[in-house]
Amino acid sequence: AHAPILTPSILAGDHANLAASAAIVAQLGLKWIHLDIMDGHFVPNLSFGPQTVAALRKNSKLFFDVHLMLSEPHRYIEAFAKAGANLISVHIEPAYDHVATLARIRELGCQRGIVLNPGTPASAIEHLLDQVELVLVMTVQPGFGGQSFRRDQLEKIARLSALRKERGLNFRLEVDGGIDLATGAECRAAGADTFVAGTSFFNAPDRAAYAATIAAW
Ligand code: DX5
Ligand code: ZN
């Protein structure tokens with residue numbers, strides 16, 4: 001099993017000073033940061049784009065875990081790769097050439113992630129599991145931070161964890177939405193190894209203790 005990784009979501013950071021929010025993450029010794037990109041179409045909200053990612057890249061060595069919530073992600077892969085993304089995750093739900101887009105992400109030198117909304121079954125991505133470094137199971141309907149964890153996603157996490165083992169694959173299994181130390185532990189038990197946390201991380205009274213707890217899972 002992969003060692004656990006905490007990837008704080010900068011969506012819950014200070015949008016007037018995102019560099020400071022990234023610095024909080026780096027100063028704790030964490031390696032990853034989760035960057036949520038929204039287009040106001042695939043999800044009913046907007047966040048920020050490649051220019052912001054490029055600006056963050058200039059003063060951060062963190063691993064940029066970029067989650068594209070876009071109806072046409074294939075149109076923006078190159079821009080985010082050039083902006084400094086290390087991993088680019090795209091949703092399965094919109095209609096575009098998923099296979100070609102994942103291949104393009106790799107050609108651009110990034111790791112590949114595929115994402116499932118809560119209503120999408122694991123079977124929708126079974127044919128892509130050997131073409132990704134990470135599978136992201138959304139544990140809320142994407143679009144906003146601060147929502148409640150959906151326990152009905154645990155079975156899907158367990159299913160993907162079982163498939164990974166059956167097929168001898170090595171992708172990371174990430175969860176995103178309503179993750180805190182309690183819900184994250186449930187996901188860990190189901191087989192998840194990569195934990196996105198926005199609200200619960202940035203609001204934690206002791207962020208170092210929060211990070212240490214996950215590191216010990
Ligand atoms: C939701 C985003 C999440 C969000 C999670 O659309 O994909 O990454 O930042 O926020 P919390 O941890 O507050 O649920
Ligand atoms: Zn996300």
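This is a predicted model: local features need pLDDT of at least 70, side-chain atom pairs count only at pLDDT 80 or more; totals for chains, interfaces and linings use all residues.
Residues are numbered from 1 along each chain as its sequence is written, and chains are lettered from A and ligands numbered from 1 in the order in which they are written.

**Stop 1: the sheet**

Select the strands (DSSP runs of E, at least two residues, numbered from the N terminus, just as helices are runs of H or I with at least four residues). You'll see an open sheet of 8 strands with parallel pairing, in the order β1-β8-β7-β6-β5-β4-β3-β2. Here, two strands pair if DSSP finds at least two bridges between them. β1 (5-8) and β2 sit at the edges with a single partner strand each, so one side of each has no neighbour in the sheet. From one strand to the next, the twist averages 25 degrees (axes are lines fitted to C-alpha atoms, for helices over the stretch in contact, and angles run from 0 to 180 degrees between N-to-C directions).

Now pick β5 (111-116) and β6 (134-138), a parallel pair with 4 bridges. Turn to β4 (87-91), which runs parallel to β5 over 5 bridges; Val90 stands opposite Ile114. Colour β5 by burial and 5 of its 6 residues come out buried. A residue is buried if 20 or more other C-beta atoms lie within 10 Å of its own, exposed if 12 or fewer, and partly exposed in between, with C-beta atoms placed from the backbone.

Slide over to β3 (63-69), where 6 of 7 residues are buried. β3 runs parallel to β2, joined by 7 bridges, and Ile33 faces Phe64 across that pair.

**Stop 2: helix α4**

Select 98-107. His98, Leu102 and Ile105 are the buried residues of α4. Look down the axis of α4: they fall within an arc of 55 degrees, so they line one face (the arc is that of the directions from the helix axis to the C-beta atoms). Val99, Ala100 and Glu107 are exposed on the other side. The buried residues pack against α3 (77-83), β4 and β5; contact means C-beta atoms, placed from the backbone, within 7 Å. Just past α4, Gly109 has a positive phi of about 90 degrees.

**Stop 3: helix α1 and Asp14**

Next, select α1 (18-27). Its buried residues are Leu18, Ser21, Ala22 and Val25. Viewed down the axis of α1, they span an arc within 100 degrees, so they too line one face. They pack against β1, β2 and α2 (50-58), while Ala20 and Gln27 are exposed on the face turned away.

Step back into the loop between β1 and α1 to find Asp14. Is Asp14 buried or exposed? Asp14 is exposed, with 12 other C-beta atoms within 10 Å. Phe202 is 188 residues away from Asp14 in sequence, yet their C-alpha atoms are 9.6 Å apart.

**Stop 4: ligand 1**

Finally, show the 22 residues around ligand 1, where the closest are Ser9, Pro142, Gly145, Gly198 and Thr199 (a residue counts if its C-beta atom, placed from the backbone, lies within 6 Å). β2 (32-38), β8 (194-197) and α7 (199-202) each supply at least two residues of this shell.

Definitions and conventions
Two residues are in contact if their C-beta atoms, placed from the backbone, lie within 7 Å.
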